[in-house]
Every structure is written in C-alpha cells, then in structure tokens.
Amino acid sequence: MTIKLILAFVMAFIISAAFGAWLVPFLRRIKAGQAIREDGPTWHMSKAGTPTMGGLMFILAAVIVCLTVGWENMLAGDYAHIFVLVFALIYGAIGFLDDFEKLKHKQNLGLTAKQKFLLQLVVAIAFVYLLRLFGLLHMSDRPGYIDVYVPFANFSFALPELVYVVFAAFVIVGTVNAVNITDGVDGLATGTSMPVFIFYTVLAFYWGETYLGLGIFAAAITGGLLGFLTYNFNPAKIFMGDTGSLFLGGAVVAMAFAYDMPLILITLGIIFIIETLSDIIQYVYFKLTHGKRFFKMAPFHHHLEMGGWTGKKWKEKELFALFTLVSAAFAVLSFFGVSARF
C-alpha cells in the first residue's frame, strides 16, 4: 500500500512537471493569456497575458495515475477513485468552457453565473446519487435516511435522503466555488490545496486497504500540484485557470463525500471558507451601507495584499506561505478530528 501511494505521488509529479515544459510555451504560442480584473490590485495588471488553463498539468497527471497505479483496485471492483476523478473532470470541463469563453472574448468574463451554477448543481446531485447507488454513503438504520458523521465528536446523525441531497448539493457547489475564489494570487490555490490532499492520502494509509483507491487519487493530486507549483510559484509562468480551480474544488469536496465525512470540510477547508465569507461580508456590507466596504478588497487575500487592517501590504510569496501554513495546521487538526472514527 505504501509503495503504491509513493508511486502515485512521484509519477504524478513527473508527469505534471514534464507536461508543463511543453504546455507553457504552447499556450504562449497560441496566445492563451489570462485577462486580469480591472478592479483588482493595479500591480496585477503586469500579469496580463500569462498563460492560463495550466490546471491541465495536474489533471493529466491524475488521470494517468488513477488508470495505472489504481488499475488493480478497479479490477478488484473498487471504483471510488474513478468516481471522484470523473466528478472532478466534469467540473474541470465546466471550467475549461469558462476559460475558453474568456480567451475567445479577450476579457475576464466567461460563462454567466447562472450557467455555471446550473451546470454545477446538476453535476453535484448526480454525484450524490452515484455514491448512494454504489453504497459509498452510510445509510441509517432508519429506512430512507443517510447518516452524517460529525468529526471530533465522533458520532453520526441521520438526515432524510432528500434533505441530505439538498445539503450535499449546497456543500459541493459552495466548496467548488470557494476554491475558485482562492485562486487569485500566484500559487495560492495550489499551496492551500496540497495539505488537504496530503490529509486525504495519510487518512487512506491510516485506515487501510479499503481506502487505497482514494489514497492513490489524493497522492496523485498532491504530486501533480507540486509539479504544477514549479511553474505557478511567484512569479507565475502559468495560471491554473478555472479549468484547474474547478477541477481542484471538485476533487476537494468529492473526496470528503467519498470518505463519507463532508463536515470535515469545516476545518479542512478553513482557508476556502474564510475567502468565501470575506466575499459575502463585503457584498452584504456594501449593500447595507450604500457603498461602503468592510475590506479594502475581497476576497481576503486581496485585503491583506492591499494593506488592510495593519497597513502591511503582504507580498504574494508571503501570502502563499501564510495561507499554506494555516491550511497545513488545520489539516493536522482535521486528522485528529477523524482519527478515532475506525
């Protein structure tokens, strides 16, 4: 088991890094450059034209590793990692359409918010029913109910299936977009996501062979992200784009459901929650005060970048270090929150 997890990580890193050596100059050649928000920090305008859709690097790595290192698991009838992969790929495809529209129109606007929401909602509901169909959700002793595990407290409570589907759809769509929001500074979404997938990998090792397939997927994403980071670290040579961030968000939340513990995202995804809440607070405060702003700019990383609260203008490398360390600390905390489950 240990060898397969290490192999998945190493293979994914090599594939991602090697593919990037070809992908970066290719995207530059076809002028697949990112448009930058005009209302963002002025110094970000220098990033205009940086190739986007770099998420293809770790996506390709994950696909190859899951179909090779995870092949024996598939032969044994374990398809959990494939379900997660396909789910994340569909979200990545939605992101690809969004990126394509942005490149086509040469502006930082792709699919409409309504189009993205409806697509994401349909995929989320289908995924939950797929997990239900293949027995990956813990059914309650009460007919028609699904158990929801509570980390740290180590107990479960039952929800009616319909209520669970609504809850799951909300969590899935919310998480996917939260990861997308975090992708606003060089390496930020990459750095904050790596501890999350290390957590999933360690959990598979800790809980045993039953979760090996999911562990292979998590190790592959970790290795793929590290390979991508060699190009995405400040100053970034390439951005992951919505192709990468929606795939990544889909993978983060799908793993939580595949492990049958979606509530762990409260601690495990703390950075994504903070980023999303800052956007919500900014919007609500702006409306209630008729134009005043709670943050200098939302999401939260831009607030720090622009010297919010302390006056210190955080550099991109400093933000990367801060957010990654916080994510890592909460990943460790999350492990202790679920380690007593089995």
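**View 1. Arginine 142 lies over the face of tyrosine 145, at 3.9 Å from the ring centre.** A charge sits over a ring if NZ of Lys or CZ of Arg is within 6 Å of the ring centre and within 35 degrees of the ring normal. The charged end of arginine 341 is placed over the ring of tyrosine 149, 4.4 Å from its centre. The model is predicted, with local features requiring pLDDT of at least 70 and side-chain atom pairs pLDDT 80 or more, whereas totals for chains, interfaces and linings use all residues. Residues are numbered from 1 along each chain as its sequence is written, and side-chain values use heavy atoms, without hydrogens and water.

**View 2. Tyrosine 164 and phenylalanine 257 belong to the 23 aromatic pairs.** Rings of Phe, Tyr and Trp (its six-membered ring) pair if their centres lie within 6.5 Å; planes under 30 degrees apart are stacked, over 60 edge-to-face and the rest tilted. The centres of tyrosine 164 and phenylalanine 257 are 6.4 Å apart and their planes at 85°, so the pair is edge-to-face. Because tyrosine 164 lies in helix H6 (residues 161-182) and phenylalanine 257 in helix H9 (residues 241-258), the pair ties together parts 93 residues apart in sequence. Helices (H or I, at least four residues) are DSSP runs, numbered from the N terminus. Tyrosine 164 is buried at 1% relative accessibility, and phenylalanine 257 is buried at 0% (buried: under 20% relative accessible area; exposed: over 50%; partly exposed: in between; 1.4 Å probe, protein chains only).

**View 3. Ring pairs join Phe197, Phe199, Tyr200, Trp207, Tyr211 and Tyr259 into a cluster.**

How values were computed: Helices (H or I, at least four residues) and strands (E, at least two) are DSSP runs, numbered from the N terminus.
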